[in-house]
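Notebook open, viewer loaded. I'm jotting down what I looked up, roughly in the order I looked.

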Amino acid sequence: MASSSSSGLTFKLHPLVIVNISDHYTRVKSQLNLPPSLTSTSSAATSNNNNNNSNGGENNQQKPPRVYGCVIGVQRGRTVEIFNSFELIYDPSTRSLDRSFLEKKQELYKKVFPHFYVLGWYSTGSDAQESDMHFHKALMDINESPLYVLLNPAINPAQKDLPVTIYESELHVIDGVPQLIFVRSSYTIETVEAERISVDHVAHLKPSGGSAATQLAAQLTGIHSAIKMLNSRIRVVHQYLVGMQKGDIPCESSLLRQVSSLLRRLPAIESEKFQDDLLMEYKDTLLITYLAMFTNCSSTMNELVDKFNTAYDRHSRRGGRTAFI
Amino acid sequence: MDSAIAQKTWELENNILAVEAPNPSSDFIFYYDEVAQAMSLKAKPWGNDPHFFKRVKISALALLKMVIHARSGGTIEVMGLMQGKTGGDAIIVMDAFALPVEGTETRVNAQADAYEYMVDYSQTNKQAGRLENVVGWYHSHPGYGCWLSGIDVSTQMLNQQFQEPFLAVVIDPTRTVSAGKVDIGAFRTYPEGYKPTDDPISEYQTIPLNKIEDFGVHCKQYYALNITYFKSSLDCHLLDLLWNKYWVNTLSSSPLLGNGDYVAGQLSDLGISFLCT
């Protein structure tokens, strides 16, 4: 069912959407697994929770619940950027979508984010199913070609890829009958600077506040890990190329072309204007650091002079009080 | 394993408290216990002690939403509300949402405009399965630090009289982006006439000259709470995987270019304060 999409749209997904969906899912899941005794301490509650899970009488605990919601964002030309999402009320047994709720929520979000509109819907699960098509069709009267964002909430520590897939719907002719089926599309993660910092902050749970030294250390660690990542990726490409040269790996010309185009881009920025701009920025930074150091020095000097005056001021010590200037 | 030893030394020197990795059983913080919350609302243990709440726990989602909203306002102050619950001496913030009002520095009761929006939003949320109540408000101070201005203090005092438990959070999106770490502060005001018994030393922050008066007059009327963050096990897993994608953005970010105005403003401020002394 999931072949690759041919619509030519590029998708950009913001991390906020992913955290939103995950939060929605966690909330619904924890409301269903009620910790029985609530007056006990947290450790007792978690052990009770574990007991509940192992007894596992209800269906809800064995099969994780599916949550549904709407994704909103902007579409500019061929680029679709998904910024935010909110929950929807949908009953899978009767297949009814609560329309008034959807409209109400849309209105509320329009007031705060006037540029965003409904781009599609999301759900959790491991794979796109046939029944999802009903929801998809229901949304088609708001947006002619909605997106379906699927998040797989199963935590698999061996997984290296984000368990999020974006599906589009396309009209294909199967056995002579034109049907809508889901086709997978690729997407990239797009962040605003502020988003990146807060995601980074929460991802690594850095100590908040603290002295300037710890903050500097934290930021440098971030950059260091990014550089390490770049280094490891380059190494992988290098190993691959060496393997191809030796003949261990079959030559793949499309990949070779990509690598050569990347390499050709490298010494691109050698022009004089770039050097001038770079040096100007460099000088600005150095100047500011110099100024900060200067201010520090002058304040220390000031303090020293004050202390000197207080300690060695012989003339006024006998008189009693002096006027402090 | 030198790196392991180095890490342990660093952790020891910086008093890093090991946060236990969230596992599915610790996600119970996400469970909203209506009965217990109603009981604690009736008991009101914060009524007698103005310094009752000492900590704030903010969820990853709430932090993300607040910072993005604050940054999207640019140089205009924006505000919103936070939803959550109380847990002992901590206020737990689970979610946040933006309010369609702008500019709180000149109007004391900007929240009155947003009441209808707030009621609608809370109702729809309860239907969709978010059962928490509004537990505070947040707003941004773009470029001038995290503290409560005179108007903020009077708004918060009013809130704490009628909408307890309530929390005030301030975010500075400009400093966040230029420093590379989230600049956030959580505050609660003391009631009128209350003198705090111990004077906690607050962290020094540079405040622009045109705001320093406002800061100084009111800085003793409120106290800051300790902020910690939490995330669910699924969040943890997803965020780790996300890192594989956005390390490129980390390298390609350039805080100098993005914050040219802010840096220039700070420098001119510095110049003026040099002239004054």
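This is a predicted model: local features need pLDDT of at least 70, side-chain atom pairs count only at pLDDT 80 or more; totals for chains, interfaces and linings use all residues.

Started with chain A, which has 9 helices and 10 strands; helices (H or I, at least four residues) and strands (E, at least two) are DSSP runs numbered from the N terminus. Residues are numbered from 1 along each chain as its sequence is written, chains are lettered from A and ligands numbered from 1 in the order written, and side-chain values use heavy atoms, with hydrogens and water left out.

**Chain A overall.** I checked burial: 34% of the 325 residues in chain A are buried (under 20% relative accessible area; exposed is over 50%, partly exposed in between, with a 1.4 Å probe and protein chains only). Then contacts, meaning heavy atoms within 4.5 Å. Of those in chain A between residues at least 6 apart in sequence, 62% join residues at least 24 apart.

**Strand S1(A).** I looked at residues 10-13 of chain A. Phe11(A) and Leu13(A) make up the covered face of S1(A), Thr10(A) and Lys12(A) the uncovered one. S1(A) runs parallel to S3(A) (residues 79-87), with 4 bridges; two strands pair if DSSP finds at least two bridges between them. Thr10(A) sits opposite Thr79(A) there. S1(A) is also parallel to S10(A) (residues 187-189), joined by 3 bridges, and Leu13(A) has Ile189(A) as its bridge partner.

**Salt bridges.** I used a side-chain nitrogen of Lys or Arg within 4 Å of a carboxyl oxygen of Asp or Glu. Glu87(A) and Arg27(A) form one at 3.0 Å, N to O. Glu87(A) is in strand S3 of chain A and Arg27(A) in helix H1 of chain A, so this pair ties together parts 60 residues apart in sequence. Both Glu87(A) and Arg27(A) are buried.

Arg76(A) and Glu81(A) form another at 3.6 Å, N to O. Are its two ends buried or exposed? Arg76(A) is exposed at 53% relative accessible area, whereas Glu81(A) is buried at 10%.

In chain B I found Asp95(B) with Lys65(B) at 3.2 Å, N to O. Asp95(B) is in strand S3 of chain B and Lys65(B) in helix H3 of chain B, 30 residues apart. Both Asp95(B) and Lys65(B) are buried. Back in chain A, salt bridges that share partners join Asp23(A), Arg27(A) and Glu87(A) into one network.

Asp23(A) is in helix H1(A), residues 15-32, and is buried at 1% relative accessible area. Leaving out residues up to four places away in sequence, Asp23(A) touches Phe30(B), Leu61(B), Arg130(B) and Asp235(B). Gln159(A) is in the loop between S7(A) and S8(A) and is partly exposed at 22%.

**The A/B interface.** I counted 66 residues of chain B in contact with 76 of chain A. The two chains bury about 7,100 Å², 70% of it on carbon and sulfur atoms (accessible area, 1.4 Å probe, that two parts lose on being put together, summed over both). How many salt bridges are there between chain B and chain A? The count is 1: Asp120(B) with Lys104(A), at 3.1 Å, N to O. H9(B) gives the most to the side of chain B that touches chain A, with 16 residues.
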